[in-house]
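This report describes selected packing and pairing features of one protein structure. The sequence and coordinates are shown first.

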Amino acid sequence: MPRTPLMTLGSLALLGALALTGCSTGDASGTAPEGGGATEGESTGGALDCSAATTEGYELFLDPALTVDPALDVYPLEAGDTISFTYAAHDEAAYPSYGWTSSYITEAGDVAVSTGSFFFDEEGGVFTFAGPEAVAGIVGGPYAGFLDIETTVDTTTTVIGRICVQFALTE
């Protein structure tokens, strides 16, 4: 039986919930993200690239079939910023879904998962991420972190790209 878009979204929602089980939207240790303080109302500075990350497995990469426009070292996520993705390996017959997961870098260099969602504008393997996007549960910024681009077919989710981002300021 072919998968309907509703079946695919339901599967992705369940997978996303399972992936984030046990993760908090803030850093329970009180450790600040790389770019600033984690306490409400404070604003501090810091490096705004992903070089401070010490967590293994968080290297930047793009699947050879994934192109990103514009091509930058660090992608800003303030209001009005957009990032366009084209996945040349898109197979409509497999009913793929595309999504993203964000994470930020703490002062200790650890990578902490923040939030994620689906790309609802996907059409033929082309989709767009639009700012602003801030670190969930953390006040201040800007902060450096990662944006993982994912594709899901059936129940298998694969990260097809990881880019360095600068999260928007929170007020």
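## A glycine in a loop

Gly125 is located in the loop that connects strand S6 (111-118) to S7; strands (E, at least two residues) are DSSP runs, numbered from the N terminus. Gly125 counts as buried, at 0% relative accessibility, where buried means under 20% relative accessible area with a 1.4 Å probe and protein chains only. Setting aside neighbours within four places in sequence, Gly125 is in contact (heavy atoms within 4.5 Å) with Phe85, Thr86, Tyr87, His90 and Tyr98. The C-alpha atoms of Gly125 and Thr86 are 5.6 Å apart, and the two residues are 39 apart in sequence.

## Basis of the values

The model is predicted: local features need pLDDT of at least 70, side-chain atom pairs count only at pLDDT 80 or more, and totals for chains, interfaces and linings use all residues. Residues are numbered from 1 along each chain as its sequence is written, and side-chain values use heavy atoms, with hydrogens and water left out.

## Salt bridge

One salt bridge is found in the whole structure, defined as a side-chain nitrogen of Lys or Arg within 4 Å of a carboxyl oxygen of Asp or Glu. Asp148 pairs with Arg162, with the closest N and O atoms 2.7 Å apart. Asp148 lies in strand S8 (residues 144-153) and Arg162 in strand S9 (residues 156-166), so the bridge ties together parts 14 residues apart in sequence.

Note on methods:
Helices (H or I, at least four residues) and strands (E, at least two) are DSSP runs, numbered from the N terminus. Buried means under 20% relative accessible area, exposed over 50%, partly exposed in between (1.4 Å probe, protein chains only).
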